[in-house]
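Student: Hi! I've just opened this one and could use a hand finding my way around. Can we go through it together?
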Amino acid sequence: TNVVLVGLYTEYLRLDETLVWTKRQLVEHMYRRIKDYVRKAPGGLLNENVTQSLLEIMRTYIEYPDGMSYKDFLLQLIIRRNLDAYVFGCEVAEVSAILMRGMLTYRPELLVGVRGCRTKEEVLSRGEELVQFAYDSGMLHDVGMLTFGEIGRYAARSWLDEEYQMHRCHAYGGYQLLNRYESTRIYAQTALGHSVFFNGKGGYPTDYCREKNPDAVVTDLVSVAAYMFRLTSAQFYSGYQPKDIASAVERIRQQSGRRFSPDVCELLPLLMQELTDYHKKGTEEAYIEASRRLLQEEENSKSVPEFL
């Protein structure tokens, strides 16, 4: 599959609904080959031109009802392109789920309005759905990093000013990617707003408005979860000792009402045991699960006949 032509071809098919369905086998074959290409290509080959081609594929992605969803396609590109980024997403997702379960236990009334819940009783009755929503929001919050080439891998050195500015654009890039399809639109606001301060007086981008986000509480959870793992991970804090969970929680609580939601900050001491237990093994388990998933998908791809 020529990676440059896939997006152009699917955009052409979109002009005729009949072609979308008659060419389904070919389209799904091309998507499988794209995933394999991203997995096996040396990092240097995932250059600006290839990145632009991948963005075009995502822009014109054809989502078949019983086929691979756009959401799964994005996650599979992440795990193949940057395993570290995928693991970070898993960690943020798990902590977001822990925080959501804590909010359901201690402050369920705060979740009225999230995903259309009208009462506290409805919130509690849809608890599992809300936990999954928080998990998926955490998993996809940094998906905008797909819009860049190799910048996401430069954790071993200080970034240039231009790279910092580029990185700030990932929030808007994630919003653009997720807002394209109904299956991922519910995560778009969190991708856009997870780096904006709770009081609106800091962070990026300026396009995000918390008051206009019906699921703002979930964005608040993901913001805390992402920051917590940046404080506790050697990947992001090279050069000095990462913080333990207790120190990270204390630092987050010091920014309550300014950078982070006071409601979420109040939950953290109540969830210290769960957060500490996950931190002890979370990264290792995430890498094991990601590697297992890659191996399983490679085995599955061998059982799929090539398109003739």
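This is a predicted model: local features need pLDDT of at least 70, side-chain atom pairs count only at pLDDT 80 or more; totals for chains, interfaces and linings use all residues.
Student: Okay, zooming out. How many helices and strands are in the chain?
Tutor: The chain has 16 helices and zero strands.
Student: And how much of the chain is made up of buried residues?
Tutor: Of the 308 residues in the chain, 48% are buried. As for contacts, take those between residues at least 6 apart in sequence: 67% of them join residues at least 24 apart.
Student: I clicked on Phe-88. Which helix is that in?
Tutor: Phe-88 sits in helix 6, residues 83–106.
Student: Is Phe-88 buried or exposed?
Tutor: Phe-88 counts as buried, because its relative accessibility is 4%, and the cut-off for buried is under 20%. Have a look at Thr-283 too: Phe-88 and Thr-283 are 195 residues apart in sequence, yet their C-alpha atoms are 8.0 Å apart in space.
Student: New topic: where does Lys-212 lie?
Tutor: Lys-212 is in the loop between helix 12 (188–193) and helix 13. Lys-212 counts as exposed, because its relative accessibility is 70%.
Student: You mentioned helix 13. At what angle do helix 13 and helix 14 pack?
Tutor: Helix 13 (residues 216–232) and helix 14 (residues 245–253) pack at about 130 degrees, and their axes are 9 Å apart. The two helices are therefore oblique to each other.
Student: Is the crossing of helix 13 and helix 14 left-handed or right-handed?
Tutor: The crossing is right-handed.
Student: Which residues of helix 13 and helix 14 meet?
Tutor: Helix 13 brings Val-224, Tyr-227, Met-228, Leu-231 and Thr-232, and these meet Ile-245, Ala-248, Val-249, Arg-251 and Ile-252 of helix 14. Sorted by class, that contact has eight nonpolar residues, one polar and one charged.

Terms used
Residues are numbered from 1 along each chain as its sequence is written. Side-chain values use heavy atoms; hydrogens and water are left out. Axes are lines fitted to C-alpha atoms, for helices over the stretch in contact, and angles run from 0 to 180 degrees between N-to-C directions. Helices (H or I, at least four residues) and strands (E, at least two) are DSSP runs, numbered from the N terminus. Angles under 35 degrees count as roughly parallel, over 145 as roughly antiparallel, 65 to 115 as roughly perpendicular and the rest as oblique. A crossing is left-handed if the near helix is turned anticlockwise from the far one by less than a right angle, and right-handed if clockwise. Contact means heavy atoms within 4.5 Å. Ala, Val, Leu, Ile, Met, Phe, Trp, Tyr, Cys and Pro count as nonpolar, Asp, Glu, Lys and Arg as charged, and the others, Gly among them, as polar. Buried means under 20% relative accessible area, exposed over 50%, partly exposed in between (1.4 Å probe, protein chains only).
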